[in-house]
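Here's a quick briefing to read alongside the model.

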Amino acid sequence: MAAVQINRALDFVRDAGREAAALWWRFFDWLALIEWRQLYLVWFLTFVAGLFVSLVEPAIWFILVSFGVKVLAGGKRRAELLARDASSKADVANLERRLTEAQMATLQAQVEPHFLFNTLALIGQLIETDPKEAARVHGHLIEYLRASLPQMRGAMGTGGTLGKQVELSRAYLAIMQARMKERLAVRFEVPDFLGSAPFPPMMLQTLIENAIKHGLEPKVAGGTIVVRSRVEGATLHVDVCDDGVGFNLHAGSGVGLANIRERLALLYGKSAELVIEAPVNGGACVSIRLPYRMTEDG
């Protein structure tokens with residue numbers, strides 16, 4: 001029985017020692033991080049409280065001990081804590097970056113197959129009805145993929161320029177004109193000097209796809225797609241407008257436009273936006289607006 005009591009007493013002492021050590025290091029860290037002006041206020045309040053409860057001597061000892069610890073070891077401990085905090089934040093930032101990359105890869109993976117599957121379906125239809133046209137579309141597809149795949153696989157969806165996206169869009173629209181014939185007319189109004197401006201890959205094509213699918217294909221006579229860009233202040237505007245059946249502002253924007261919104265948020269935060277407008281003369285106009293830079297390097 002005595003042995004059990006002794007063991008319990010030893011366990012209590014060990015637990016008390018661990019708690020005391022933990023409290024000491026918390027106190028030590030608090031002293032290391034607290035600013036001198038705040039510490040002066042703590043000392044003053046401690047001394048006043050000591051006067052009221054007749055514990056002036058313990059209050060003075062607290063002030064002296066904390067002053068000594070702050071002067072002798074506070075600076076070194078503060079540096080250690082700040083370094084640890086910086087390392088922790090760096091780890092968090094790295095995890096956030098990797099999460100963002102994973103999100104970007106997921107979003108792009110949803111966009112990439114869309115055009116490919118549609119074009120392969122078109123080629124399959126033309127093989128039965130117009131083999132020569134199927135061969136031409138197949139050639140356009142090879143040219144398009146040869147140029148676009150490196151950009152599709154670019155890190156974080158960056159690394160593209162507006163000029164490259166316009167070039168790819170022209171190749172894409174050549175395929176779509178082979179499909180829609182005279183029902184699809186195209187006009188580009190993109191100044192040459194904006195060709196070097198950074199612009200995320202595949203976004204322009206997604207807007208064009210959306211205009212064709214929801215605006216022009218449902219319209220018996222087809223229509224015209226206008227791709228234009230301009231700079232207003234420090235913002236690059238890239239618009240895709242059509243004179244199709246119009247856009248239902250009360251309906252969902254679909255996967256393509258939703259992906260663009262998410263990618264813009266991941267890449268630019270609140271500095272970029274996707275704007276959908278219904279022109280008074282009909283059709284729809286969708287605009288990507290993001291911070292303008294003259295070149296990829298700045």
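A quick bit of bookkeeping: the expected span of a helix is 1.5 Å times one less than its number of residues, and helices (H or I, at least four residues) and strands (E, at least two) are DSSP runs numbered from the N terminus. This is a predicted model, so local features need pLDDT of at least 70 and side-chain atom pairs count only at pLDDT 80 or more, while totals for chains, interfaces and linings use all residues. Residues are numbered from 1 along each chain as its sequence is written, and side-chain values use heavy atoms, with hydrogens and water left out.

**Helix H2**

- H2 takes in residues 36-52, and its 17 residues should span 24 Å at 1.5 Å a residue; the end C-alpha atoms are 24 Å apart, so the two agree.
- Leu39, Trp43 and Gly50 are the buried residues of H2 (buried is under 20% relative accessible area, exposed is over 50% and partly exposed is in between, with a 1.4 Å probe and protein chains only).
- On the face turned away from the buried side, H2 carries the exposed residues Arg37, Leu41, Phe44 and Phe52.
- Ser54 follows H2 and has a positive phi, near 60 degrees.

**Salt bridges**

- The count is seven salt bridges, where a side-chain nitrogen of Lys or Arg has to be within 4 Å of a carboxyl oxygen of Asp or Glu.
- Asp239 and Arg228 form one, at 3.6 Å from N to O. Asp239 sits in strand S3 (residues 235-242) and Arg228 in strand S2 (residues 223-232), so this pair ties together parts that are 11 residues apart in sequence.
- Asp239 also meets Arg230, at 2.5 Å from N to O.
- Asp239 is buried at 3% relative accessibility, whereas Arg228 is partly exposed at 30% and Arg230 is partly exposed at 30%.
- A salt-bridge network links Arg228, Arg230, Glu232 and Asp239.
- Elsewhere, Glu189 pairs with Arg187, with the closest N and O atoms 2.9 Å apart. Glu189 is partly exposed at 34%, and Arg187 is partly exposed at 41%.

**Rings**

- Arg170 lies over the face of Phe188, 4.1 Å from the ring centre; the rule asks for NZ of Lys or CZ of Arg within 6 Å of the ring centre and within 35 degrees of the ring normal.
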